[in-house]
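Notebook open, model loaded. I want to go through the charged pairs, the packing and the pockets, in that order.

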Amino acid sequence: MQRSNLRLGWMVFGALAFLIGLYLVFLIQRAGHPMLALGSAGLLGVTTWVFTSERAYAWRYLYPGVAAVLVFVLFPALYTVGIGFTNYSSTNLLSYERATAYFLDQKYAGSGEQLGLSLYPVDARFILRVENEAGQAWQTEPLSLRDAGARTVALQPAARPPAGDKAPLKDVIAHQAALKTLALILPASRDEYRLSGLSKVAAMAPLYARNADGSLTSRQDGSVLRPDFDTGFYTSAGGERVAPGFKVGIGFGNFERLFTSHEFQGPLVKIFVWTVVFAFLTVVFTFVVGFVLASLLNWEGLRFRGVYRILLFLPYAVPGFISILIFRGLFNENFGEINLILNGLFGIKPSWFSDPLLAKTMLLLVNTWLGYPYTMLLCMGMIKSIPADLYEVSAINGGGMWTNLTKITLPLIMKPIMPLLIASFAFNFNNFVLISLLTGGLPDFTDSMVPAGATDILVSYTYRIAFQDSGQNFGLAAAISTVIFALVAVLSVVNLKLTRVNASAK
């Protein structure tokens, strides 16, 4: 009985989850994303089959992990790669259909008569009264101008103005945003009267008419806009681009621009070299500092080793972004404690944030501080695992500290720690938080037309192009991300190879 109730409970839970999934698919479809809705429906169908079919019983244990990889890893990666082949940017943000709909929604004041607009306050609402030059007037019922969204309001003939005084001009100005959303309809008329001036309304007509070949003809001046699927813009007869643009595929255009354009090639090469140097030196410095400290802490004759371990572990215990912000204050060129001390001792005040070399030095110092505890902990564990017999044999044969270090300790820990060092290299290759919080990529290159700085690494350079450049070129940023993804993938393959080598060596 209890088992039957449990089975019934799971069936009810599954049915509810399926219905919720269907509702989410419906919402995605209604939001205008048919392909995403189709993918979601497919995922929902596969999920339902896996958890209801006896043939897929074994997959029930693996499916959540596989589905998570597909949704949270593979899909974002493929989406980013796909954007890299488009002109997606702040000027080409819409789809072709939505850009066309934007133009077709544009209105213009026709040659009809303009009507004067007056507002009459009634409690917290207003009566809108329009009047032509002949004195014929129409007005609305009292309505609130605080309601958001476009509305269509019918007008009724009114021989007399409403009771009370008209609202002053300042109140009309204060409600301009709400008044612009209103479409006023006169009796026996299909024209929409919209705000055309500070206190005027006029019949508005659609500005563009769509032709059979997809071009748009302006009803106002007869000009024609034609869609250009190479640039992603509607263009006039004179070749002038008219915003907003739309998203189109441009093939390898972003990658060609990235590697061949002088605008990007110069900064990209410098930034790529600095990214590799930054990641490599960070790994080297953190390993050297961590290994030396781990060796000292494993020295049996060292007193208060527990205290030292706690003190040296503290940088790892403090959240990294807090430490970075603290260091940003410490390295402040005018008020930072580091420059105050250097100025007191040597009479110098280094320009940590404006000199490219010093800025890079500062980054390496701070990153070494943040990273050495991790390497120290790894080395401590590995040194502890080395049999003491080896050092005893070395001592019997006259080996000293240097012999123990170069012949026993380092060879025995290098192989197991190498994959971890490569993983650390890959992490620092994309260490966006450090660059963003400490220097923001500054100081900028003086000869670059795109936002790029001496301390930028590839990922921060991508961020600046995507979100700080005036054009916000998401397509180009996605192309750079694709290149970074390929580099990190290569590092991951090397890491796996080394892991297999270590496994086979054991």
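How many salt bridges does the count come to? I get 4 salt bridges. One caveat before going on: this is a predicted model, so every value here is computed from predicted coordinates.

**Entry 1: charged pairs**

I started with Arg226 and Asp213, whose side chains meet in a salt bridge at 3.0 Å, N to O. Arg226 sits in strand S12 (residues 224-228), while Asp213 is in the loop between strand S10 (208-210) and strand S11 (216-218). The two are 13 residues apart, and the pair links distant parts of the chain. I checked how open the arginine is: Arg226 is partly exposed, with a relative accessible area of 45%.

Next I looked at Asp444 and Arg464, another side-chain salt bridge, this one at 2.8 Å, N to O. Asp444 lies in the loop between H15 and H16, and Arg464 is in helix H16, 20 residues apart. Again the pair links distant parts of the chain.

Asp444 is partly exposed, at 38%.

**Entry 2: nonpolar cores**

I then went to the packing. The largest nonpolar core has 56 residues, and Val366, Met376, Leu434 and Tyr461 touch the most other members. The elements giving two or more residues to this core are H8, helix H10 (320-330), H12, H14, helix H15 (432-438), helix H16 (458-467) and helix H17 (474-505). H16 is also the helix that holds Arg464.

What does Leu434 touch? Leaving out residues up to four places away in sequence, I listed Phe278, Ile324, Leu363, Val366, Asn367, Leu370 and Thr439.

There is a second, separate core of 22 residues, which includes Leu128, Leu143, Val153 and Ala203.

Last stop, the open spaces. The largest pocket has a volume of about 1,400 Å³. I count 36 lining residues for the largest pocket, with Gly14, Thr47, Thr48, Phe51 and Thr52 nearest its centre. Helix H1 (2-30), helix H2 (34-52) and helix H3 (59-83) are the elements that give two or more residues to this lining. H1 has the largest share, 14 residues. By type, the lining of the largest pocket divides into 25 nonpolar, 7 polar and 4 charged residues.

The second largest pocket holds about 670 Å³ of space. It is lined by 17 residues, and the closest to its centre are Ser295, Asn298, Trp299, Ile383 and Tyr391. Helix H8 (262-297), helix H12 (356-384), helix H13 (388-396) and helix H14 (401-429) each supply at least two lining residues here. I sorted the lining of the second largest pocket into 10 nonpolar, 4 polar and 3 charged residues.

Definitions and conventions. Residues are numbered from 1 along each chain as its sequence is written. This is a predicted model: local features need pLDDT of at least 70, side-chain atom pairs count only at pLDDT 80 or more; totals for chains, interfaces and linings use all residues. Side-chain values use heavy atoms; hydrogens and water are left out. On a 1 Å grid over the protein atoms alone, a cavity is a set of points where a 1.4 Å probe fits but cannot get out, and a pocket is an open set with protein on both sides within 12 Å along at least five of seven lines; lining residues have an atom within 4 Å of a point. Grid points are joined across faces, edges and corners, and a volume is the space filled by probe spheres set on the points. Helices (H or I, at least four residues) and strands (E, at least two) are DSSP runs, numbered from the N terminus. Ala, Val, Leu, Ile, Met, Phe, Trp, Tyr, Cys and Pro count as nonpolar, Asp, Glu, Lys and Arg as charged, and the others, Gly among them, as polar. A nonpolar core is a set of buried Ala, Val, Leu, Ile, Met, Phe, Trp, Tyr and Cys residues joined through side-chain atoms within 4.5 Å. Buried means under 20% relative accessible area, exposed over 50%, partly exposed in between (1.4 Å probe, protein chains only). Contact means heavy atoms within 4.5 Å.
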